[in-house]
Amino acid sequence: MSASDRVETKWSRLVEQALRRRAPILRDANTTALRLIHGAGDGLPGLVVEQFGEVLVAQLHEERLSLPQEAVRAIVIALARRRGAQAVYRKVFPRDRSASRARLDALHHAAAPWWGRPAEEEFEVRERGVAFRIRPYDGYSVGLFLEQRANRDRVRQLAEGRRVLNVFAYTCGFSVCAALGGAAETVSVDVSKRYLEWGRRNFAANGLALERHVFIRSDALDYFRRARRQGRAFDIVILDPPTFARVKGRRKPFVFEQQIGALATAAMEVLQRGGRLLACTNHRETTIRDLERIVRRAAGERRIESVARPKLPPDFPGDGDYAKSLWLRVN
Ligand SMILES: C[S@@+](CC[C@H](N)C(=O)[O-])C[C@H]1O[C@@H](n2cnc3c(N)ncnc32)[C@H](O)[C@@H]1O
């Protein structure tokens, strides 16, 4: 066997293992979106592949990839065929951070796939029966952060009759689940009008009327100030900020470690006694303990009745620092 044959055999074995690990999700007919390859966690550093219905999205983290792109493409095409996908889109995270943004933007917005035939600009997937609209060539993110599947489920279970605030709402996945779970109201806050409109389409995709659900385009801290002035209180507050974000029209970017303390304090101020806070972060340098310390400090004198640190779902093996979340019940 030649060296390249041996390498290929090793990859196919790793892909097989990855699929076996995900068997329970793959068996669920009500879920058509999952992460198929989670980089080093599946033995393939630098490569992340997600499936959204008939489309695969491959993230190539060049810094960590140990294989040439053509070899990676071959693995991904084989996986696409195996999963019955019709197209693969590629998102490149360049080694050289100064690489032309314009070139990457063009790549991530191109309808032409890396492999297969062009997908619809927007289509629907299901996650435990909940519909989400996906846009495979709308930039780096396609509309749904899969690592939050279990948290979305939990929000749905807890929402009955509750007032739910979802800040950094993005395409309003948490709000949709809260609404489906019977929330008395949901408030989705995001600086992006476009993402909130996408969120409305997610509500529509699930046949949800909008009377009790509002979408507010605002900076998160500005919204908290307004909510406090209005004497608002919520039974569930979801705080899932980005690590870093440039906001149109603002000189200063959003930097997680600079703002999380103020955000946690503001969240506590609008949290009803006995209410629940879900705090999440993808910021690698902030450990789950750091996050807990920040949130406990923000709670001040209020008693924390329970804390849960849910594990990532089985399609995110290995990497404990990848995405952290914390559920707190606060008196
Ligand atoms: C990582 S996404 C949040 C993911 C979301 N919680 C979910 O589960 O789908 C970050 C979102 O924060 C929004 N954002 C960034 N800076 C913001 C700010 N200062 N205030 C409010 N939203 C902001 C972005 O527009 C983006 O939609």
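Me: Glu127 and Arg152: buried or exposed?
Reply: In this predicted model, both Glu127 and Arg152 are buried. That label requires a relative accessible area under 20%.

Me: What makes the contact between the side chains of Glu127 and Arg152 a salt bridge?
Reply: The N to O distance is 2.8 Å. The cut-off is 4 Å, so the pair qualifies. Glu127 belongs to strand E6 and Arg152 to helix H5, so the pair ties together parts 25 residues apart in sequence.

Me: How do you know that Asp235 and Arg163 form a salt bridge?
Reply: Their closest N and O atoms are 3.0 Å apart. That is within 4 Å, so the bridge counts. Asp235 sits in strand E11 and Arg163 in strand E8, 72 residues apart.

Me: Why is Asp235 called buried?
Reply: Its relative accessible area is 14%.

Me: Why is Arg163 called partly exposed?
Reply: Arg163 has a relative accessible area of 26%. The class runs between 20% and 50%, so Arg163 falls inside it.

Me: What makes Arg126 and Glu124 a salt-bridge pair?
Reply: Their side chains meet at 3.4 Å, N to O. The limit is 4 Å, so they pass. Arg126 is partly exposed at 33% relative accessible area, and Glu124 is partly exposed at 35%. Both residues belong to one network of salt bridges with shared partners, including Arg133, Asp138 and Arg201.

Me: How do you know that Lys91 has no salt bridge?
Reply: The nearest side chain of opposite charge is Asp138, 8.4 Å away. The cut-off is 4 Å, so no bridge is counted.

Me: Which backbone oxygen lies 2.8 Å from a polar atom of the Lys91 side chain?
Reply: That of Pro136. A polar contact must be within 3.5 Å, so the distance meets that limit.

Me: Why is Phe168 called buried?
Reply: Its relative accessible area is 19%. The limit is under 20%, so Phe168 qualifies.

Me: What is the phi of Arg128?
Reply: About 45°, positive although Arg128 is not a glycine. Arg128 lies in the loop between strands E6 and E7.

Notes. Residues are numbered from 1 along each chain as its sequence is written. This is a predicted model: local features need pLDDT of at least 70, side-chain atom pairs count only at pLDDT 80 or more; totals for chains, interfaces and linings use all residues. Side-chain values use heavy atoms; hydrogens and water are left out. Buried means under 20% relative accessible area, exposed over 50%, partly exposed in between (1.4 Å probe, protein chains only). Lys and Arg count as positive and Asp and Glu as negative; His and the chain ends are not counted. A polar contact is a pair of N or O atoms within 3.5 Å; within protein, one must be able to donate a hydrogen and the other to accept it, and residues adjacent in sequence count only if both atoms are side-chain atoms. Helices (H or I, at least four residues) and strands (E, at least two) are DSSP runs, numbered from the N terminus.
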